[in-house]
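Student: Please take me closely through the open sheet, and then through the other local features that can be described.

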Amino acid sequence: MPYYRAAGEIPRKRHVRFRGPAGNFYAEELMGEEGFVSDSSLLYHQHPPTAIVKSEGLSDSAAHAPLLPNHPLLPRHFRTQDLPAGGDLVLGRQLMMANDDVRISFAAADADSELYRNSAGDEAVYLRSGSATFESVYGVIEARAGDYVIVPRGTIHRWRPAGGGLHALVVEARGHIRPPRRYLSQFGQFLEHAPYCERDLRGAAGPLLADGEDVPVIVRTSAGLTRLTYAYHPFDVVGWDGYLYPYAFNIADFEPIVKRTHAPPPVHQTFEGPNFVICSFCPRPLDFDPEAVPIPYNHHNVDSDEMMYYVAGDYSARKGSGVGLGSITLHPSGFTHGPQPGAVEAVIEGVAAGKTTTDETAVMIDTFRPLLLAGGARSAEDPEYAWSWTKAARGNVSSESADLGPGF
Ligand SMILES: [Fe+2]
């Protein structure tokens, strides 16, 4: 994280004697990245954070489910709207696609999760709908629709959805998820050209204390899931300070950057992870040159697979494609994608009639290695999507092949 926060009680200096009201020493814990030479926080526990009483391996069907290559190559459309709802935001994840850098899941959660720690990498959880209380060793964040909640590797936390449940996209990285380096000064301050800044990031309100003994925590590692039982409740931190903590950023606080003619997705970049980026497409003025074509041009990013999650608004560039709110598309390297035929004419007519803004909101993840497809995706695929551009251009597809590959 790019800046310093403190919460609760902390001692005057690092690594000095710090006692509670009964005279007992608090247990100091460093949570740090990259082996003492990157961002870290110091947490002060009422009990030893090392005391465990049991360790059990858990079956993790998602981790071991087959991942199939996108073969034969196709653009894909998955309707998360059609996936089953229920469960919690940790064990109820329905894996959609993955590679060695990132795993992308959908969850329609309505139950509290167990305590959970991802020790394989950071997570970014995007809430498309609903709200939840995010409880962690750093304190509580009230998360609402449109929030990205960034959870650093190793943070013990749990998700408590509000009544009515929530829909979320969960991004599990094999490393750290951070604001793009180019948005930050040499020392980590958000620069003036960045589309968001420190004031837009919401940290935990303060320490969260809970009593309990023999408390289970699900730990994700690259080997799978373990249930570790702690002797004391992990929510026993009386204070912490540092640069490493979970935080929320709402997509409505992203300040879009516009040009006279169409700007490419790097202006929408929100976070970066190892070998992937996360971008936010937000409501904004349409490109305003009198000759502008104010929707995307056809494009082929030869080094990327592009996943798009359509979260709000009206997608004029995709009319007739079957894509709706909650849809996920995958446009892989090897395939040129762009607006549906007829969309350019339609948006230019709209501009002539006085339309000046777009209300579309989407979350995009570009990966620099191909994404493999998982079971969640398979059960929600729209088999007609790949031919939608041809149908719009020609009115039919004369050699339609619905061969979606093995398992589809
Ligand atoms: Fe694209």
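Tutor: The open sheet has four strands in the order β1-β18-β3-β2, with antiparallel pairing. Strands pair here if DSSP finds at least two bridges between them; strands themselves are DSSP runs (E, at least two residues) and helices are runs of H or I with at least four residues, numbered from the N terminus. β1 and β2 stand at the edges, each with a single partner strand, so one side of each has no neighbour in the sheet. From one strand to the next the twist averages 15°, where axes are lines fitted to C-alpha atoms (for helices over the stretch in contact) and angles run from 0 to 180 degrees between N-to-C directions.

The model is predicted: local features need pLDDT of at least 70 and side-chain atom pairs count only at pLDDT 80 or more, while totals for chains, interfaces and linings use all residues. Residues are numbered from 1 along each chain as its sequence is written, and side-chain values use heavy atoms, with hydrogens and water left out.

Within the sheet, β2 and β3 pair in the antiparallel sense over six bridges. G32 stands opposite S40 in β3. F36 is placed in the loop between β2 and β3 (40–45). The phi of F36 is near 75°, a positive value in a residue other than glycine. F36 counts as exposed because its relative accessibility is 75%; exposed means over 50% relative accessible area, buried under 20%, and partly exposed in between (1.4 Å probe, protein chains only). H15 is in the loop between β1 (5–8) and β2 (27–32). H15 has a phi near 60°, again positive in a residue other than glycine, and is exposed at 56% relative accessibility. Most residues other than glycine have a negative phi, and most peptide bonds are trans. A cis peptide bond, with omega about 0°, joins H71 and P72. P72 is found in the loop between α1 (61–64) and β5 (76–79).

The next part is the metal site. The protein donors of the iron ion are H299 (NE2), E306 (OE), E306 (OE) and H337 (NE2), at 2.0 to 2.8 Å from it. Donors are N, O and S atoms within 2.8 Å of the metal (3.2 Å for Na, K and Ca), and water is not among the atoms, so sites may look incomplete. Along the chain these donors follow the spacing H-x6-E-x30-H. The four donor atoms subtend angles of 52 to 169° around the iron ion, which makes the arrangement irregular. Four donors are tetrahedral if all angles lie between 85 and 135 degrees; four count as square planar and six as octahedral if opposite donors are over 155 degrees apart and all others between 65 and 115, and anything else is irregular. H299 and E306 are both buried.

H331 lies in strand β24 (residues 327–331) and is buried, with a relative accessible area of 3%. Leaving out residues up to four places away in sequence, H331 touches residues including E306, H337 and Y385, contact meaning heavy atoms within 4.5 Å. The side chains of H331 and Y385 are joined by a polar contact of 2.6 Å. A polar contact is a pair of N or O atoms within 3.5 Å; within protein, one must be able to donate a hydrogen and the other to accept it, and residues adjacent in sequence count only if both atoms are side-chain atoms.
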